[in-house]
Amino acid sequence: QVQLVESGGGLVQAGGSLRLSCTASGRTVSTYHMGWFRQAPGKEREFVASISRSGSSTYYRDSVKGRFTISRDSAKNTVYLQMNSVKFEDTAVYFCAAAVGIVVVTRPSAYNYWGPGTQVTVSS
């Protein structure tokens with residue numbers, strides 16, 4: 001199994017940038033399809049982005065395309081979510097998740113391991 005811990009959240013002004021990190025222990029992140037999800041107050045958890053085991057494929061929800069970038073650094077066993085041009089609607093708790101086996105990348109239920117989350121608040 002793998003343990004995941006997110007970091008990098010905080011308060012950011014609309015239009016600004018933030019980089020979230022997900023550091024894994026126990027197993028290397030290359031073992032898993034890795035995803036970022038978020039949950040805003042009063043809303044269901046939603047898919048943000050994910051990256052394949054090989055790193056050759058990435059997936060994004062439409063509302064973040066062109067603004068967010070998911071990547072990983074195998075040497076640091078870390079997955080990143082670079083958030084640029086952030087909007088108020090991006091305010092949420094962001095969760096890192098890892099999936100084994102065949103995965104439907106946009107569904108939270110497809111992921112096996114989760115970090116505790118990190119809060120991102122975008123001010124206007």
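The legends below describe close-up views of a predicted model.

**View 1. The four-stranded open sheet.**
Four strands make up an open sheet, in the order β1-β3-β8-β7, with antiparallel pairing. Its edge strands, β1 (3-7) and β7 (68-73), each pair on one side only. From one strand to the next, the twist averages 20°. Strands of a sheet pair through backbone hydrogen bonds, in either a parallel or an antiparallel arrangement.

**View 2. The pairing of β7 with β8.**
Strand β8 covers residues 78-83 and pairs with β7 in the antiparallel sense. Six bridges join β7 and β8. Opposite T78 in β8 stands D73.

**View 3. The disulfide between C22 and C96.**
The count of disulfides in the model comes to one. It is formed by C22 and C96, whose sulfur atoms are 2.0 Å apart. C22 belongs to strand β3 (residues 18-25) and C96 to strand β9, so the bond ties together parts that are 74 residues apart in sequence. The disulfide is left-handed because the torsion about the S-S bond of C22 and C96 is about -75°. Both C22 and C96 are buried.

**View 4. The ring pair of F37 and F47.**
The structure holds six aromatic pairs. In the pair of F37 and F47, the ring centres lie 5.7 Å apart and the planes are at 75°, so the pair is edge-to-face. F37 is in strand β4 (residues 33-39) and F47 in strand β5 (residues 46-51), so this pair ties together parts that are 10 residues apart in sequence. F37 has 0% relative accessibility and therefore counts as buried. F47 is buried as well, with a relative accessible area of 6%.

F37, F47, F95, Y111 and W114 are linked into a cluster by ring pairs.

**View 5. The surroundings of V93.**
V93 is a residue of strand β9 (residues 92-99). Its relative accessibility is 23%, so V93 counts as partly exposed. Leaving aside residues up to four places away in sequence, V93 touches F37, R38, Q39, G117, T118 and Q119. V93 and G9 are 84 residues apart in sequence, and their C-alpha atoms are 8.5 Å apart in space.

How values were computed
Residues numbered from 1 in each chain as written. Predicted model: local features only at pLDDT ≥ 70, side-chain atom pairs only at ≥ 80, totals over all residues. Heavy atoms only, no water. Helix = DSSP H or I, 4+ residues; strand = E, 2+ residues; numbered from the N terminus. Buried < 20%, exposed > 50% of the residue type's maximum accessible area, 1.4 Å probe, protein only. Contact = heavy atoms within 4.5 Å. Pairing = 2+ DSSP bridges. Axes fitted to C-alpha atoms, helices over the stretch in contact; angles between N-to-C directions. Disulfide = S-S within 2.5 Å. Phe/Tyr/Trp six-rings, centres within 6.5 Å; stacked < 30°, edge-to-face > 60°.
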